[in-house]
Amino acid sequence: MSASEAYEITADEIVEVAERWDPQPFHLDPVAAAASHFRGLVASGLHTIAASLGLGYREVPGTAPVAGLGMDELRFLHPVRPGDRLQQSTEVVEVRPSGSRPDRGVVRGRRTVTNQDGVTVLVYVLTWMVERAT
C-alpha cells in the first residue's frame, strides 16, 4: 500500500478547470452552485481525477511508471469542495510481466481518494505499465 501527501483544492482552481473543461454552473458560479443540488461550488469529476493522478506521482513508495493503460470501476462518491485537502492511497491488486516487453510489467492498483475528514470522494482501479527491475 502506498500513500500520498495532501493536496488542497481551491475555489479559483475549481473555476479555472471548469471554464476550460466542464463549464457547468455548479463548477463556475458560487451563486448558481448554492442554488444547485450541491448547495455550493464543487470540483468537476475530471478535476478530481486529475488531482488524483498528480497525487500518484507523490505516493510513497513510488513506482516507475511508463504509461497509463486505463481506469476501471471509477466512482465519484462525494463532492469535492473548495478547501478540501485530498489524499490518496493505492493498494496494488495485481502485478504481472508484460506479454510483449520483457523490461516492462503491468500493475493494477485500487486508488482511494479521501478528503481531510476521511470521507472517500473517489475510488477507481488504475492499470499502468512500469519498468521492471533487472
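Reader: What percentage of the 134 residues of the protein count as buried?
Author: This is a predicted model, in which local features need pLDDT of at least 70 and side-chain atom pairs count only at pLDDT 80 or more, while totals for chains, interfaces and linings use all residues. Residues are numbered from 1 along each chain as its sequence is written, and side-chain values use heavy atoms, with hydrogens and water left out. Buried means under 20% relative accessible area, exposed over 50%, and partly exposed in between (1.4 Å probe, protein chains only). Of the 134 residues, the share that counts as buried is 38%.

Reader: In what order do the elements of the protein run from the N terminus?
Author: Helices (H or I, at least four residues) and strands (E, at least two) are DSSP runs, numbered from the N terminus. The protein has four helices and six strands. Their order is β-β-α-α-α-α-β-β-β-β.

Reader: Among contacts between residues at least 6 apart in sequence, what percentage join residues at least 24 apart?
Author: Contact means heavy atoms within 4.5 Å. The C-alpha trace spans about 55 × 30 × 20 Å along its principal axes. Of the contacts between residues at least 6 apart in sequence, the share joining residues at least 24 apart is 66%.

Reader: Which residues of helix α1 are buried?
Author: Helix α1 covers residues 11-21. The cover over its buried residues includes β2 (7-8), α2 (25-28) and α4 (45-56). An α-helix has 3.6 residues a turn, so residues three or four places apart point the same way. The buried residues of α1 are E13, I14, V15, V17 and A18.

Reader: Is H47 buried or exposed, and at what relative accessibility?
Author: H47 sits in helix α4. Beyond residues up to four places away in sequence, H47 touches I9, E13, I14 and V17. I9 in turn has contacts that include H47, A51, V80 and L86, leaving aside neighbours within four places. H47 counts as buried because its relative accessibility is 5%.

Reader: How far apart in space are E5 and Q88, C-alpha to C-alpha?
Author: E5 lies in the loop between β1 (2-3) and β2. Its relative accessible area is 45%, so E5 is partly exposed. Leaving aside neighbours within four places in sequence, E5 is in contact with L55, R58, L86 and Q87. E5 and Q88 are 83 residues apart in sequence, yet their distance in space is 7.8 Å.

Reader: Near what value is phi of R39?
Author: Most residues other than glycine have a negative phi. R39 lies in the loop between α3 (30-35) and α4. R39 is exposed because its relative accessible area is 65%. Phi of R39 is positive, near 60°.

Reader: And near what value is phi of E73?
Author: E73 is found in strand β3 (residues 65-76). With a relative accessible area of 43%, E73 is partly exposed. Phi of E73 is a positive value in a residue other than glycine, near 55°.
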